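Good morning, and thank you for joining.

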Amino acid sequence: MHAGFSDRLRQDRRASTLLLGALLASATLFPFSAQAQGQGPVRLKIAAASNLKFVLADLTTQYKQQTGVQVEVNLGASGNLARQILQGLPVEQFISADEVWVAELVKAGRTVDAGQRYATGRLALVVPKNSALPLAQGLAAVVRALKPGDKFAIANPALAPYGVAAVEALQRAGVMSLPAHQKVLGDNIGQATQFVATGAAQAGITALALAQAPEIATSLQVLALPSDLHAPLHQRMVLLRGASATATNWHRFLLSAPAQAVFVRHGYALPQ
């Protein structure tokens, strides 16, 4: 009787050991999911320059499909976003349209490091789809063909790096200055693009990545501008102080080869 009881006890312990091993193996193959445990989806809040609207729409969708993480993007002019972060905007990553605004946050001690270049931007000259302006002849020809009441849109250079590059392009193309009554400044490059797409402006300079996006391209004629018309638009991103492991993983994803290919497909060049 005693021997039989001991045999059953050994069998029960062996079964428990096998069950524990199976559970541990399952945990390795199927990592803990906050959503599966009823805690809801994992969310990550970031701030990003407006030129990234469509490329980030693609990348965040891909990332959610792969990881379950929902990346919530606060779009705006890089300068505005940097100032909001300094004032306490609750985001874990800043994806700028240049390197200057990242450097400001680094100087203020708000980042984990100096950040990384993730892409190089391009400019495009745009006019409405039905416009008769001589787009194919280039920037100077389009500006010369504007009527006195016509408007030319760019992003505000005090806030948006693409606005700074647009001013440089106009100058290098021989258009030293536009009359004040003809110049329309968007709060960010997305707004400047909409001015032209809706016909509120008769021409403008925007990000190539926005101009060729299917959601906007049907409303515009687009001419990519030569890169030598402006200083390189090196774009940098940085994790902010206190960023989570979730933010770090997303940051690494953006530097991966598959993500970089998405940037190129949207009209960016690889970082140099």
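Predicted model: local features only at pLDDT ≥ 70, side-chain atom pairs only at ≥ 80, totals over all residues.

Residues are numbered from 1 along each chain as its sequence is written, and side-chain values use heavy atoms, with hydrogens and water left out.

Helices here are DSSP runs of H or I with at least four residues, strands are E runs of at least two, and both are numbered from the N terminus. The axes of helix α2 (residues 53–67) and helix α10 (residues 245–254) come within 12 Å and cross at roughly 120°; axes are lines fitted to C-alpha atoms, for helices over the stretch in contact, with angles from 0 to 180 degrees between N-to-C directions. In α2, L56, L59, T60, Q62, Y63 and Q66 meet T246, N249, W250, F253 and L254 of α10, contact meaning heavy atoms within 4.5 Å.

I turn to the salt bridges, each a side-chain nitrogen of Lys or Arg within 4 Å of a carboxyl oxygen of Asp or Glu. The whole structure has five. One of them joins R265 to D58, with the closest N and O atoms 3.6 Å apart. R265 lies in helix α11 (residues 257–265) and D58 in helix α2, so the pair ties together parts that are 207 residues apart in sequence.

In another, R117 pairs with E99 at 2.8 Å between the closest N and O atoms. E99, R117 and R236 are linked in a network of salt bridges.
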